[in-house]
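The sequence and structure come first.

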There are 2 protein chains.
Amino acid sequence: MQVEILTIGDEIITGHIDNTNASYLARQLTALGLDVKWLTAVGDQASDLRAALDLALTRAQVVIATGGLGPTHDDITKKVAAEYFNSSFVFVPEILQKIKAAFEARGRPMPKVNEDQAMVPEKARIIENPVGSAPGFWFEKDGKKCFFLPGVPAEMKAMCEQTVFPLLKSYGQPRREKIIRTIGIPESTLFEQIDNFKNLERLVKIAFLPRSGGVDIRLIATAENEEECERKLNQAVQYLQQKFSKNIYGYDEQELEDVVAQLLFQLKKTVAVAESCTGGLLAHKLTNISGSSDYFERGVVSYSNQAKMDILGVRAETLQKFGAVSEQTAVEMAQGVRKISRTDFGLSTTGIAGPTGGTPEKPVGLVYVGFADAHGAYAKRYHFFKDRLLNKNRAVMAALNILRKELLKLRHNTD
Amino acid sequence: MQVEILTIGDEIITGHIDNTNASYLARQLTALGLDVKWLTAVGDQASDLRAALDLALTRAQVVIATGGLGPTHDDITKKVAAEYFNSSFVFVPEILQKIKAAFEARGRPMPKVNEDQAMVPEKARIIENPVGSAPGFWFEKDGKKCFFLPGVPAEMKAMCEQTVFPLLKSYGQPRREKIIRTIGIPESTLFEQIDNFKNLERLVKIAFLPRSGGVDIRLIATAENEEECERKLNQAVQYLQQKFSKNIYGYDEQELEDVVAQLLFQLKKTVAVAESCTGGLLAHKLTNISGSSDYFERGVVSYSNQAKMDILGVRAETLQKFGAVSEQTAVEMAQGVRKISRTDFGLSTTGIAGPTGGTPEKPVGLVYVGFADAHGAYAKRYHFFKDRLLNKNRAVMAALNILRKELLKLRHNTD
């Protein structure tokens, strides 16, 4: 069953926001075994929306449209959709009640413009909105289904999970997908190191997807039945696991910090971090996991030399002789934060995030990551690029990867 | 001149990554005064790509396609495009030289698969790639222009800035746009508080764009000439500035942290932060600005009570009597970090980020933000929602907004 995802809104076609709704829908529908073929976006203009609906209903069996169901003047979707499917409107008092109650719960009076949201197309079936005011709706015509959902991501997602996905689930084809996430090896090297690419392609469809700090390998197996999908996918995954064991850190939606968190939970170990160039991003990533207070004790963003000395006990001589961006400082930062927090591990970053502040000896992109445990401490040197945010991110990935490797060693030794 | 942006790649239509290339191109081309009408994405299949080119060249005068120019097996764009425009290939030795040199500079041998990137369609004009290996190219046919660029964002952007945008600039229509960024007021209230919406719409096209922690108001003025655009836009902006002065924190691309950073630079003030529930994200935002070491002294991510007492000097009695998530703890954290870092301001966060860890008295989403300066200290209470990452982000926005307001008071008093 072929699907088109249609995003409606000037904010999308003028690039004011990224179209994360389309990628969410594409990901979820693909996982259900549906064949997402087109992602389309048009602005808040009735004629463009009509043309997009015409086209989508010609080439797809399912259309999922998001956006333009809000209460203000530029929200035209409901009116255009009703006209398109020759439907009048009916007033649904229950919807108005719900909208009023939602505003009341947040201690605010309902603005008058929200009243209109209780008018819905008569020929459509309503999609309840469990987390917001605008209801969705869907039409069926000539065996094709056309869904309309609000553009607010949390509302759209809740409505999909509650109503749309259960409706569409039975139309999916047998299909299994796996993402293998790697770090420390470029896309073309991955490609070249696979001995018999054609053989592997007989089992699965393969794509290399570079992302900041690593490359993902996406595998898709299709077959007559679920068991055969599973078998083909497993065979491909096993081959790649053997080949790239050193570079694989996780699978599917797992982020590097998720993997590190699982290892810390499992081994009951704790960590504290001392950051300079990453400015808090390392602590942020480590605390994005629910329950992180079990392993994360504290972080210090020691931006000034004074903070490095005061809190972490980095020696003035070290800073003077080697500089704040040096192997020695990284080591003392990691040791220092481990000591004051009494954790199993200390992790540190110091570098020149850029875009300014580089010198010939210490260029923009130079980063040291320090690690300390009960047995000692060391630092590794990296040379990234010019972009400040990317460099912060790459340094954090490098630090998390060092911690991951140390945790794996530990797990191996205690097995 | 109507533009279609075409993104090519299975990673897009399966939702593996967000289509940030399309939003970048849409934003930049709209700013040049071009009329971006359609954003389309298709997968790595020759037939789908051909159909998408057919459609785009029917309805648009300019097509900008990205993706599928890499060196591996799933990159089909160059082959399909050459066939589509009836072009053979030529080998360009200079391109091979450049690719080899780029690999050498990074201390790596060039994988053999990259050689193919020096083959380009004969009928196309080459678009140089200043930051990567894959060149782009563009065809002109029946007065329509069709550009092909790599999908790697940094490469695509560099090639647009160097070649594509200069080529297209002269086709833009007079047009002025402004984004007004607000915090602390919902979309429907903004809409209702505008006295004569129809009058305002005579000057500019208006859209309300909710984002995490605030609502943007986007204004677009079009007219016969640049001066008239400017006049209409300014009149609309002035009206909204008067109306919503308390809620407006910035304009266009300015993030809240940019505005705070500019005020700190301007007033030569310094800040230190003590974070619990935001886990480093506040420090990360404050250090995303180049030169932030001028105002950011240090941050402490005091996740454990021990860290709150050890580093920040929060009293054990306070933690015992009121708990870690309390007004009193927030105040002592802000005071404590200001004291040890000798900065002008101390800022703190403590709360229940969720999704677990709430109690009836202290539910998920409860957050206190503390502020301290030479005159005293206080904390404000917020009640956000259930999502951990959104709550971290909302708490950071709230903290930055408190600092912004204090800085504005200070600037007003010293004027």
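## Sheet in chain A

Arg181(A) stands opposite Gly250(A), a residue of β12(A). The strands concerned are β9 (residues 175–182) of chain A and β12(A), which pair in the antiparallel sense over 3 bridges. Strands here are DSSP runs of E with at least two residues, helices are runs of H or I with at least four residues, and both are numbered from the N terminus. Two strands count as paired if DSSP finds at least two bridges between them.

This is a predicted model, in which local features need pLDDT of at least 70 and side-chain atom pairs count only at pLDDT 80 or more, while totals for chains, interfaces and linings use all residues. Residues are numbered from 1 along each chain as its sequence is written, chains are lettered from A and ligands numbered from 1 in the order in which they are written, and side-chain values use heavy atoms, with hydrogens and water left out.

The open sheet of chain A has 4 strands in the order β10-β11-β9-β12, with antiparallel pairing. At its edges stand β10 (205–211) and β12 (248–251) of chain A; each has a single partner strand, so one side of each is left without a neighbour in the sheet. From one strand to the next the twist averages 25°; angles run from 0 to 180 degrees between N-to-C directions, and axes are lines fitted to C-alpha atoms, for helices over the stretch in contact.

## Sheet in chain B

In chain B, an open sheet of 4 strands has the order β10-β11-β9-β12, and the pairing is antiparallel. Its edge strands are β10 (205–211) and β12 (248–251) of chain B, each pairing on one side only. The average twist is 25° from one strand to the next.

Strand β9 (residues 175–182) of chain B is joined to strand β11 (residues 214–222) of chain B by 8 bridges, and the two run antiparallel. Within this sheet, Arg181(B) has Asp216(B) of β11(B) as its bridge partner.

## A helix pair in chain A

Helix α10 (residues 256–267) of chain A packs against helix α15 (residues 388–414) of chain A at an angle of about 35°, and their axes are 9 Å apart. The crossing of α10(A) and α15(A) is left-handed, a term for a near helix turned anticlockwise from the far one by less than a right angle, with clockwise being right-handed.

Contact means heavy atoms within 4.5 Å. Among the residues that make it are Val260(A), Leu263(A) and Leu267(A) of α10(A), and Leu400(A), Leu407(A) and Arg411(A) of α15(A). By class, the contact of α10(A) with α15(A) has 12 nonpolar, 3 polar and 3 charged residues. Ala, Val, Leu, Ile, Met, Phe, Trp, Tyr, Cys and Pro count as nonpolar, Asp, Glu, Lys and Arg as charged, and the others, Gly among them, as polar.

## How the two chains meet

The contact takes 85 residues from chain B and 85 residues from chain A. Chain B and chain A bury about 6,800 Å² between them, 53% of it on carbon and sulfur atoms; buried area is the accessible area (1.4 Å probe) that two parts lose on being put together, summed over both. His16(B), His73(B) and Tyr303(B) supply 9% of the area that chain B buries against chain A, more than any other three residues. Of the interface residues of chain B, 100% are also interface residues in chain A, so the copies meet through the same surface.

## Backbone geometry in loops

The peptide bond from Gly354(A) to Pro355(A) is cis, with omega near 0°. Pro355(A) lies in the loop between β15 (345–351) and β16 (366–373) of chain A. In chain B, the bond from Gly354(B) to Pro355(B) is cis, with omega near 0°.

Asn86(A), a residue other than glycine, has a positive phi near 50°. Asn86(A) belongs to the loop between α4 (77–84) and β4 (89–91) of chain A.
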